[in-house]
Amino acid sequence: MSKDLDAFREETRAWLEANCPPSMRTPMTGEEDAVWGGRNYEFKNPEAKLWLERMGAKGWTAPTWPAAYGGGGLSADENRVLQSELKRINARPPLFSFGLWMLGPVLLEYANEEQKQEHLPKIVRGEIRWCQGYSEPGAGSDLAGLQTKCEDKGDHWLINGQKVWTSYANYADWCFCLVRTDTSVKHEGISFVLIDMTTKGVETRPIKLISGSSPFCETFFTDVKIPKGNMVGRLNGGWEIAKRLLQYERTNISGFGSNTRVDVVDLAKKHVGVSDGVLEDRDLRARIAAHKMTERAYALSVQRAQEEAKAGQNVSHMASMFKVAGATLNQDRCELMVEAAGNRALGWAGEGFSADDIATTRGWLRSKGNSIEGGTTEINLNVVAKRVLGLRDTQ
Amino acid sequence: MTFTLNEEQQLLKDSARDFFREQAPVTRLRKHRDEKKNGRDPELWREIAGLGFAGVIVPEEYGGAGLGYVALGAVLEETGRTLVASPLHSSALVGASALILAGTDAQKQEWLPKIASGEVIATLAVDEGAHHAPGKSKLKFEGGKLTGAKQYVADGHIADLIIVAGANALYLVKGDAAGLTRRELITADSRGAADLTFEATSAEKMNGGADVIDAILDRARIGLAAEMVGQASEAFEITSEYLKTRKQFGQVIGGFQALQHRAAKLFTDLELTRSCVLAALDALDRSANTIAEYASLAKARASETVHLATNETVQLHGGIGMTDEHDAGLYLKRARVAEALYGGASFHRDRYARLLGF
């Protein structure tokens, strides 16, 4: 087996050498370098487009998905080789996508053949950009309290209601959405549907955050008609799919916002000063050291979880633990960066501050969302306590 | 890098778990404490050695099993779970490592087989003050005679062979050497230790300088961190069980969110630390060039985690957690001793920062 893997590594290395454009082997300079794809996506860099097309054609944007649905069809071991080869050349991710991270895995598990054939290949190639219609004004942490109504009108579903915190809904082509199909029960009255955002009656409105950016939207559905075939899984069976999707979501987020161009140690050295090789502010130094250790511990734990995960099911309630730890880590990092940079990280705009300084400030503010989006830290600690540790109200 | 045990390592861990649960549960430490044995349990040590645990890292040519640090770490974790009072860490890990790394051929021939069989108990004497400070030593060595003093030497009261670290050199001192005075310490963890004084004591110089001392200490730190993960895991599991059974206000207290979140955070902390310790043990077996970083990472994190875990064990048990009758206090006391040995969280944060260049 390892012999086959060695051969695969060689092939992979050669292919990447020939196909990964030079500018895609440089570190991303910020969130604006992320490629999200979709019908109306404007590539800032033609090489980014090329890189996505090549990786998408090979199915390597979704390396372990079956080739029948456009995926790479790789084994877990082959995928590890691919990832290490990508890392070796500092390759940028060809595609950032809620379709890849969240929807695809649950479609593979719950969708019918027609739905898989229709949607998965387009996710792999980055042709369709998806958004997530989960939270509502009255359903945040208590997600199952959602009220967006979905009625059976014989030859179609009719949807009315409002979603909120719909990430990038204003750019999305399609929305995977939780809707209420039975008002007499709570969790058992929820269904999982797919909505084309160009359908009449769909409206989005961006929400401005404290960081100044608008990654989230409000999304309104007014008498939106969707085909009967757009429900995934059974009627009123959406909550199970919703929870599984959250496990994938929690595995993939937690680090939004941090200015990754700058290392906190370098920033501290620059602004705080060093004598005899030691940061002059000893208190800050000790806290940065503790943070660096947690960062390492977290990275090692992610690696360990991947190694321990058996083939097949690769998410679990442990995703909640990683979500909490990752969010805390990123927020700590952002706070330490702002502290280390002093007044350089307290600018907002204009020529008095460098782009990096502004990114540090904005990233710090954006990171406040890490412990809220994708399930608050409190909700995720509930999941760990109840589902992993088995602590319940009654025993 | 690998985090999962191979079949051989898993078998060893399972047999260690079974043996310590049956033959050396916490009640054994408690009984020996009450009988004022201060860590002396030669009968248990014979059984441990009989199972081959004393020779896990000793190469086969010297009568050991040559299984490496991941394997010994797995055994040490199990000793941590039931607070086994034995010189396994001091002798089979630290003593054996010192001889492997710094012993002359003759010293290895003479001592390693005896350490592997458990016939000889070895330990390392390093600190001379209240805090871990390996660079600070006033030890003098002239004409084959050693003069100086060491404090709180783990298993120093029962060791047959003492490896003494100066600032830049290592020495072997036999337990019965003339000029060696031991003051036995009755310690909080009921394991005992000793202050040692050397007055023109016969000693044999070993190979290596400060870098080799550091390498030996890193092995000591990683091995002890493995034991500490065992202590923290067991303390956490005992507490978790209590949360599921103790009832107040008509319900189990584990149903209260304030306690659920504390348990979930502690669990997360423990999992992150376990990854560091497994990676550090693996780094030793791979002879990675980042052992020093891993050692400080593992020892600092293990110190923090076992500190938190044992404090939470007392608090979440409420009144019973403060009593001598409950095991919480035994875990708390051993935790603090293990934290301090070979440098605590603060020492290793400082060292880690230095290793990372700030």
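Strand E2 (residues 149–152) of chain A is joined by four bridges to strand E3 (residues 156–167) of chain A, and the two run antiparallel. The model is a predicted one, with an ipTM of 0.96 and a pTM of 0.92. Within this pair of strands, A:Cys150 has A:Ile159 in E3(A) as its bridge partner. Three residues lie between E2(A) and E3(A), which together form a hairpin. One residue in the turn, A:Gly154, has a positive phi of about 80 degrees.

E3(A) also pairs with strand E7 (residues 216–227) of chain A, again antiparallel, through ten bridges. An example is A:Gln162, whose bridge partner in E7(A) is A:Phe220.

The loop between E3 and strand E4 (174–180) of chain A contains A:Tyr168. A:Tyr168 has a positive phi of about 55 degrees although it is not a glycine. Is this residue buried or exposed? A residue counts as buried if 20 or more other C-beta atoms lie within 10 Å of its own. A:Tyr168 has 20 such atoms within 10 Å, so it is buried.

The next step is to view chain A as a whole. Its secondary structure comes to eleven helices and ten strands. The C-alpha trace spans about 75 × 55 × 50 Å along the principal axes of chain A. Of the 395 residues of chain A, 44% count as buried.

Chain B comes next. Its mean pLDDT is 97, and 100% of its residues reach 70 or more. One of its sheets is open and has four strands in the order E1-E4-E5-E8, with mixed pairing. Strand E1 (122–125) and strand E8 (204–205) of chain B are the edge strands, each pairing on one side only. E1(B) pairs with strand E4 (residues 161–165) of chain B in the parallel sense, over four bridges. Here B:Ala125 stands opposite B:Val164 in E4(B). Helix H5 (residues 88–102) of chain B packs on this sheet and touches E1, E4 and strand E5 (170–174) of chain B. The direction of H5 makes about 75 degrees with that of E1(B).

Another open sheet of four strands in chain B has the order E2-E3-E7-E6, with antiparallel pairing. Which strands stand at the edges of this sheet? They are strand E2 (140–142) and strand E6 (180–185) of chain B; each has a single partner strand, so one side of each is left without a neighbour in the sheet. From one strand to the next, the twist averages 15 degrees. Strand E3 (residues 145–154) and strand E7 (residues 193–202) of chain B pair in the antiparallel sense over seven bridges. Among the paired residues, B:Gly148 has B:Phe198 in E7(B) as its bridge partner.

Strand E3 of chain B also holds B:Tyr152. B:Tyr152 is not a glycine, yet it has a positive phi of about 45 degrees. With 21 other C-beta atoms within 10 Å, B:Tyr152 is buried.

Terms used: Residues are numbered from 1 along each chain as its sequence is written. Chains are lettered from A and ligands numbered from 1 in the order in which they are written. This is a predicted model: local features need pLDDT of at least 70, side-chain atom pairs count only at pLDDT 80 or more; totals for chains, interfaces and linings use all residues. A residue is buried if 20 or more other C-beta atoms lie within 10 Å of its own, exposed if 12 or fewer, and partly exposed in between; C-beta atoms are placed from the backbone. Two strands pair if DSSP finds at least two bridges between them. Two residues are in contact if their C-beta atoms, placed from the backbone, lie within 7 Å. Axes are lines fitted to C-alpha atoms, for helices over the stretch in contact, and angles run from 0 to 180 degrees between N-to-C directions. pLDDT is the predictor's confidence in each residue, from 0 to 100.
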